[in-house]
Amino acid sequence: MATISTPSGRHTDVDRAPTTGVGRNAPTHGRAADVLPLAGEVGGMWDVLEMISTSRFCGDEPFAATAHLKGVPALAAIAPAAEPTRSVSNESVDKWIVIGDGWTFFATLDRDGDAYVAISARDRDRCDELMAEVRSKVAPVVPDEDTIPVAFWFCEPHPRLAHRRVAAPTWASIDQNYPEAIRARVALTMQLHRPVGRGRLLLWHGPPGTGKTTATRALARAWSSWCRTTVVTEPERLFSSTGMIFNLVAPESDEVDETDDDDRRPRWNLLVVEDADELLRADARSASGQALSRLLNLADGFIGQGLDVLILLSTNERLGGLHPAVSRPGRCLSEIQFPRFSKEAASWLGRELPTDVADASLAELVPASRPLLPRPTASVRAGPRRRHCSVIRRRQ
């Protein structure tokens, strides 16, 4: 549980839903609900609930605690009261605020069962008591060992983080899906731990379909004990502002390196920027050029000093088509070209390629390796759904 005592200007770890939805009023709980003061700009019903919670924290309820809970079936199952004071819902998210006598419960629940809870109260003991009560109503969730936690950064209109668990293979289970020429180099990158030296940039490039994204997920899993992974979905927005960069990569006091027993140091940050072609091209337009300058400054300039940050850039561009500042000597911790299969394609596939095919990407080989199956019958389709990891396992 992260306890806070002052308002924060940093991004919030709560998904922002669209400013449309169905609002509904419900009975208030306690006399404190009679007046709902708001402060700041309000952009819709979704913002109203958050502003009420913030205003009460800034007022008579100076003690607050937050929690991220998983496996929550409904907000009614964890709230201190059965009905909200105010609520907003749509097909993706429920938001509740419950106002009691000297306390406020504010929570967001998505359809995956992830709940983000904030409780404020007049005194610390009451705040801790309410949060303990909320936590006691949630059964522990045992995560799937083949998934890892990943954050997704976006800006709509303010910086936000959406948290999900994503399927991630081990490198040993998929290394045969890559040409032998790069396996050892990728394996060495997987084995890194708190790297020293100036190079903080990982540049993975190659044609589409060569497995860069799957290798990135394997890397995030290999580093998960000491490094948290954030996928930057809007790099041009993030790297347009030094303030947003600092807010994202500032160390979290409650996230520590699990491999370091003697010194509970904060985790490192791995920022993943996929399909960064426009950002990295040598002829990038002026706006992208400024974003690239800040990105490189974060990697090994003044901005990055004292910050344990690694940046993985993936692109389909040829190395020769990238901005020379990206690949200059000493800047890249890992620079790997993911090639298409050539002579190894037949071995991987288990049969000869057509005579007019010289090479193939992993994405092209996978469909060719699968036998054609009959469409399932209605009785089969009616059976229980199974969740499959979309990872090509190592061929024996």
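1. Strand β13 is mostly covered in this predicted model: seven of its seven residues are buried. The cover applies to both faces of β13. On one side V309, I311, L313 and T315 are buried, and on the other L310, L312 and S314 are.

2. Which strands pair with β13? β10 pairs with β13 in the parallel sense, over five bridges. β12 and β13 are also joined by five bridges, again in the parallel sense. Individual partners can be named on each side. L313 in β13 is the bridge partner of L203, and L310 in β13 stands opposite L270.

3. Elsewhere in the order, β8 (residues 147-155) pairs with β11 in the parallel sense over four bridges. In that part of the sheet A151 stands opposite T230 in β11.

4. A search of the whole structure for aromatic pairs returns five. One of them is W171 with Y178, a tilted pair with 5.1 Å from centre to centre and 45° between the planes. W171 and Y178 are both buried. For W226 and W268 the ring centres are 5.8 Å apart; the planes stand at 75°, over the 60 degrees required, so this pair is edge-to-face. W226 is in the loop between α5 (212-222) and β11 (227-232), while W268 is in strand β12 (residues 268-273), so the pair ties together parts 42 residues apart in sequence. W226 and W268 are both buried as well.

5. W171, Y178, W204 and F338 make up one aromatic cluster.

6. A hairpin of three residues joins β4 to β5. How are S89 and D94 related? S89 stands opposite D94 in β5, and their side chains are joined by a polar contact of 2.8 Å. S89 has a relative accessible area of 12%, so this residue counts as buried.

7. R194 is not a glycine, yet its phi is positive, near 45°. R194 is located in the loop between α4 (180-190) and β10. Is R194 buried or exposed? Its relative accessibility is 11%, so R194 counts as buried. D275 likewise has a positive phi, of about 50°, without being a glycine. The loop that holds D275 runs between β12 and α8 (277-280). At 56% relative accessibility D275 counts as exposed, because the cut-off for that class is over 50%.

8. Some totals for the protein chain follow. The chain has twelve helices and 14 strands. It contains 396 residues, of which 46% count as buried. Taking contacts between residues at least 6 apart in sequence, 69% join residues at least 24 apart. The accessible surface is about 20,600 Å², and 52% of this surface belongs to carbon and sulfur atoms.

Technical notes:
Residues are numbered from 1 along each chain as its sequence is written. This is a predicted model: local features need pLDDT of at least 70, side-chain atom pairs count only at pLDDT 80 or more; totals for chains, interfaces and linings use all residues. Side-chain values use heavy atoms; hydrogens and water are left out. Rings of Phe, Tyr and Trp (its six-membered ring) pair if their centres lie within 6.5 Å; planes under 30 degrees apart count as stacked, over 60 as edge-to-face and the rest as tilted. Buried means under 20% relative accessible area, exposed over 50%, partly exposed in between (1.4 Å probe, protein chains only). Helices (H or I, at least four residues) and strands (E, at least two) are DSSP runs, numbered from the N terminus. Two strands pair if DSSP finds at least two bridges between them. Contact means heavy atoms within 4.5 Å. Accessible areas come from the Shrake-Rupley method with a 1.4 Å probe; for residues, only the protein chains shown count as cover. A polar contact is a pair of N or O atoms within 3.5 Å; within protein, one must be able to donate a hydrogen and the other to accept it, and residues adjacent in sequence count only if both atoms are side-chain atoms.
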